[in-house]
Every structure is written in structure tokens, then in C-alpha cells.
Number of protein chains: 2
Amino acid sequence: MPTLDICLSPELLHLFNPKGKIVVVTDILRATSCMVTGLANGVHSIIPVDTLDKCRKLGLKKGYITAAERDGKKAEGFDIGNSPFSYMEDAVKGKTVVVTTTNGTRAISEASDAKEIIIGSFLNLDAIASYLSIKQKDVIVVCAGWKGHVNMEDTLFAGALAHILNGDFTSKQDATDMAIHLWNLAKDDLEGFLSNCSHARRLQNLDITDDIAFCLTLNKYQVVPVMKGESLVPASLASVA
Amino acid sequence: MPTLDICLSPELLHLFNPKGKIVVVTDILRATSCMVTGLANGVHSIIPVDTLDKCRKLGLKKGYITAAERDGKKAEGFDIGNSPFSYMEDAVKGKTVVVTTTNGTRAISEASDAKEIIIGSFLNLDAIASYLSIKQKDVIVVCAGWKGHVNMEDTLFAGALAHILNGDFTSKQDATDMAIHLWNLAKDDLEGFLSNCSHARRLQNLDITDDIAFCLTLNKYQVVPVMKGESLVPASLASVA
């Protein structure tokens with residue numbers, strides 16, 4: 001039976017061995033929710049980069065849009081920030097979005113040894129679970145966290161995924177049990193449960209409650225973003241089978 | 001109001017700033033449970049060291065006993081291993097125990113910047129809570145984990161402590177919320193809750209179920225082990241006030 005382990009922070013990723021495994025990167029508020037939303041709404045591809053400078057330079061290409069967030073806010077001088085609603089606009093359809101965020105893009109770059117990197121969020125939870133069920137490879141769910149610290153919403157997503165795949169995947173890590181327990185506590189009122197947590201509180205202070213509610217919506221999209229070279233693109237049916 | 005944060009693994013300790021704070025190190029199965037048991041049962045002092053070699057060399061001194069564990073088992077050539085029952089025997093009363101373990105002693109050495117390091121376990125949970133209430137300093141609970149990975153039992157202890165001190169201490173970290181939620185799920189049947197978790201399962205395979213049951217006993221002892229120089233000794237009433 002393949003394994004499904006949960007890495008609660010990118011700071012712990014060196015304890016896992018991503019080689020030959022599928023890494024699911026999640027940064028619920030809001031990087032990976034944005035990526036899923038974009039690719040589900042006609043964005044051509046998304047290039048995650050780790051610095052503002054790289055984002056700016058790459059974004060000079062024709063047909064490229066820049067998206068940059070630092071500390072929860074849109075970074076100055078870039079086309080869009082980190083709101084999923086920006087990823088639905090006509091301006092981004094058919095375009096390549098070059099994106100850098102505080103936590104999410106870092107998690108992606110640190111998982112580069114993996115056999116495959118895919119992007120998870122509550123918005124495409126069931127699609128991710130189906131994809132992993134078909135692939136039958138060992139999985140590491142990497143929670144982006146907040147500046148290295150673990151956070152609740154990414155852990156809850158990891159727990160939801162582990163809960164769905166329980167029985168088909170196994171785990172020897174307590175983090176998996178923890179995340180499943182927390183998911184079971186939270187699942188009936190995700191927004192209420194999170195409203196008491198520090199990271200969500202921090203973001204609420206930024207006046208993005210609509211973003212948060214959207215990012216906590218389950219299974220709105222079927223897309224599974226997968227890393228191909230430097231870009232995230234929708235997994236094709238051919239690559240799933 | 002002072003802060004109480006929870007560091008779920010020694011690998012994350014660099015994200016916290018222990019300076020000026022009290023660090024509570026916990027390694028429920030079994031290092032810190034042993035230390036508390038020993039100091040509550042007449043052991044004179046305990047010197048945690050990080051290598052087997054240091055343990056062996058220091059242990060040559062008169063009146064010193066060596067205790068060494070690796071991968072859950074007693075290391076060969078040392079006086080005792082990592083069972084709390086060994087720390088109650090007549091042979092250790094009045095003695096200095098030099099101890100090295102897979103996870104717990106490492107957590108102690110990595111917290112050396114703290115203003116004060118104390119040793120927590122379920123066995124002295126209320127005593128630790130009272131001590132921290134009196135001191136009114138910022139607190140970091142450092143979970144020893146298992147080879148860098150987070151584990152359930154240390155997280156539950158941290159959650160229990162945070163739960164008791166909730167209202168008198170504040171936290172901006174989601175890890176604190178997580179640990180409190182998990183404690184609330186587990187508290188009515190700690191042994192049953194843990195029996196499904198990987199680290200406890202791993203230890204059960206080592207045939208130490210009596211040790212585990214003992215380490216999950218709440219408030220058997222009043223002692224608060226505190227680091228003075230290189231040694232753990234019982235906190236005196238003078239230092240508490």
C-alpha cells in the first residue's frame with residue numbers, strides 16, 4: 001500500500017524523502033487556492049518563482065502577468081496580488097501568470113526533488129484525491145505554513161485529503177493522525193473553526209474575508225495543477241491514466 | 001499578558017526566540033517522564049548530554065550512574081536505559097544520573113539560549129502549570145518529537161499545559177490551537193487515544209506498555225526539574241517565588 005505522509009512545514013521537508021513520490025503542495029490562504037482558481041478559469045499556465053525580482057523580470061515577456069504577495073498584501077508594482085478573484089478576471093485568461101508569495105512558492109521550490117508536484121486546495125480536494133488514487137504512488141502533502149510555522153488551514157486540508165484516502169494509503173507519522181483528527185473537528189464548520197486561529201485572524205485584519213470564504217469552499221473545481229518544467233498546467237487526462 | 005507558544009519539533013526551534021523565555025522541554029515517551037520520576041524519587045541531579053560518548057566518560061565519576069537510550073532501547077554498556085521504573089530504584093537514589101536519549105536530550109541542548117529550561121511531563125503537569133503561573137514569563141513548550149518529526153504524545157502534553165494556562169497566557173501560533181484541540185479530544189482516554197498513533201505503536205512493539213501507561217499518568221509528582229548549569233535539579237521553593 002502506498003504511503004501518505006504530511007509535512008506540516010517546509011522547514012521539516014528535509015526529514016522526508018520526496019524522491020519518486022508525488023508532492024501535494026498546499027497553501028490554502030491563498031497561494032494554491034489562487035493557482036487552482038486560475039487554471040480552472042482559463043489561465044494558460046502559472047510559473048511560481050521565489051523572489052520578487054524574478055517575478056518582475058519574467059513578467060516582462062509578452063502574454064505574461066505578474067502576481068506578487070508579501071505578508072498577505074499585494075506587492076507594489078505587480079499586476080495582481082494574491083486574491084483568487086483576480087485569477088478569474090478576463091485580463092488573465094489565456095495568459096501565463098508569474099507568481100511569488102510569502103509561503104506557497106517557497107514550498108514548491110523546496111519540493112523540487114519530487115517525482116511530481118501537484119497543487120492542492122479545498123477548491124479541488126476531491127480531484128486531488130482521485131488523482132492520487134489513480135496514480136498509486138507514495139505521497140507527501142507539504143503544508144506551506146506561515147514563515148516556517150505550522151498553520152491550521154493547511155493542516156486541515158492535509159487532514160481532509162488523508163481522511164478521504166484513508167484505507168488506500170498508509171502512514172507511519174503522527175502528523176497524519178493529528179491532521180485527520182483536526183479535520184474531523186473542523187469539517188462541519190470550517191470557517192467558524194478557523195476564525196479562532198491566528199493565521200486566519202491575521203488575514204482577516206487585511207480585510208480579505210471574501211477571499212477566505214472562497215478559499216474554504218470545497219470541490220468547486222476539478223482541475224489538478226501539475227508542475228511541468230517551470231510551469232503549473234492542468235494535468236491532462238492522459239497524464240492521469 | 002505573557003505568551004505561551006508551542007514548538008512541535010526541535011527542528012522548528014530556530015523560528016522561536018528562546019531568549020528571556022522559559023522553555024519547557026517535553027519528551028513524554030520517555031525521557032522527560034524519567035527525569036521527573038528520578039528527581040521525585042531521590043535522584044540527586046540529572047545531567048543530560050547529547051552523545052553516548054559523553055555519557056560514558058562523565059559516568060566514570062564516583063556517584064554517577066549512566067542512562068542511555070537509542071531508538072527506544074537501552075544502549076549497551078550503560079547502567080540503565082529509559083524506563084521510568086529504573087529511576088525509582090535504590091541504586092539511583094542520591095546519585096547523579098548522566099543521561100542521553102534519541103530525542104529528549106537533544107531538545108534540551110538546542111534550547112540552551114533560554115532564560116530557564118524546565119522539564120515537563122504528564123507526571124508533573126499541574127506543578128509545571130503552577131510554576132509558570134507564578135513566574136509570569138513568556139513560555140515556549142518544546143516537543144522533543146521523534147527524530148525531528150512531530151509526535152502526538154508530546155503535542156498532547158503541550159496542549160494540556162496550554163489548556164490549563166489559557167486565559168493567563170496568550171499565543172499567536174496555530175500550533176497552540178492545534179495542541180489544545182487534540183488534548184481536548186484525547187484527555188478522557190489518553191492511553192486509548194495514543195494507542196492508534198505511530199510513535200506509541202512503535203514503542204509498544206518494544207514491549208514497554210507498562211512504561212507507557214506510567215508516563216501517561218497525570219500529576220503523580222510535584223517536582224519541577226530546572227536546569228542549573230549542566231544539571232537538572234528540583235526547583236526550590238525559593239526559585240519559584
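In the predicted model, Arg30(B) occupies the loop between E2 and helix H1 (31–40) of chain B. The peptide bond that joins Leu29(B) to Arg30(B) is cis, with omega of about 10°. In chain A, a cis peptide bond likewise joins Leu29(A) and Arg30(A), where omega is about 5°. Arg30(A) is placed in the loop between strand E2 (22–26) and helix H1 (31–40) of chain A.

In chain B, Lys147(B) has a phi near 50°, which is a positive value in a residue other than glycine. Lys147(B) belongs to the loop between strand E8 (139–143) and H5 of chain B. This residue counts as partly exposed because 15 C-beta neighbours lie inside 10 Å of Lys147(B). In chain A, phi of Lys147(A) is near 50°, again positive in a residue other than glycine. The loop that holds Lys147(A) runs between strand E8 (139–143) and H5 of chain A, and Lys147(A) is partly exposed, having 15 other C-beta atoms within 10 Å.

Strand E2 (residues 22–26) of chain B is joined to E7(B) by five bridges, and the two strands run parallel. Within this pairing, Val24(B) stands opposite Ile118(B) of E7(B). Strand E7 (residues 116–120) of chain B has five of its five residues buried and is therefore largely enclosed by the rest of the structure. In a regular strand, side chains alternate between the two faces of the sheet. In E7(B), Glu116(B), Ile118(B) and Gly120(B) point one way, whereas Ile117(B) and Ile119(B) point the other way, and all are buried.

Val226(B) has Val233(B) as its bridge partner in E10(B). E9(B) and E10(B) form a hairpin with two residues between them. Gly229(B), in the turn of this hairpin, has a positive phi of about 65°.

In soluble globular proteins, nonpolar side chains tend to be buried together. The largest nonpolar core of the model contains 175 residues, of which Leu161(A) and Leu161(B) touch the most other members. Helix H5 (residues 152–165) of chain B gives the most to this core, namely nine residues. When neighbours within four places in sequence are left aside, the contacts of Leu161(B) are Val24(B), Gly120(B), Leu125(B), Ile128(B), Ala129(B) and Val141(B).

In chain A, H5(A) comprises 14 residues and reaches 20 Å from its first C-alpha to its last, close to the 20 Å expected at 1.5 Å a residue. This helix is mostly covered, with 12 of its 14 residues buried. The buried residues of H5(A) include the charged residues Glu153(A) and Asp154(A) as well as Leu156(A), Phe157(A) and Leu161(A). Gly167(A), which follows H5(A), has a positive phi near 105°.

H6(A) has 13 residues and reaches 18 Å between its first and last C-alpha atoms, close to the 18 Å expected at 1.5 Å a residue. H6(A) is also mostly covered, since 11 of its 13 residues are buried. Among the buried residues of H6(A) are Asp174(A), Asp177(A), Met178(A), His181(A) and Trp183(A).

A rotation of 180° with 0.0 Å of shift along its axis superposes chain A on chain B, with an RMSD of 0.0 Å. The two copies are thus related as by a two-fold rotation axis. Of the interface residues of chain A, 100% are also interface residues in chain B, so the copies meet through the same surface.

Key: Residues are numbered from 1 along each chain as its sequence is written. Chains are lettered from A and ligands numbered from 1 in the order in which they are written. This is a predicted model: local features need pLDDT of at least 70, side-chain atom pairs count only at pLDDT 80 or more; totals for chains, interfaces and linings use all residues. Copies are superposed by least squares on the C-alpha atoms of residues with pLDDT of at least 70 in both. Two residues are in contact if their C-beta atoms, placed from the backbone, lie within 7 Å. A nonpolar core is a set of buried Ala, Val, Leu, Ile, Met, Phe, Trp, Tyr and Cys residues joined through C-beta atoms within 7 Å. A residue is buried if 20 or more other C-beta atoms lie within 10 Å of its own, exposed if 12 or fewer, and partly exposed in between; C-beta atoms are placed from the backbone. Helices (H or I, at least four residues) and strands (E, at least two) are DSSP runs, numbered from the N terminus. The expected span of a helix is 1.5 Å times one less than its number of residues. Two strands pair if DSSP finds at least two bridges between them.
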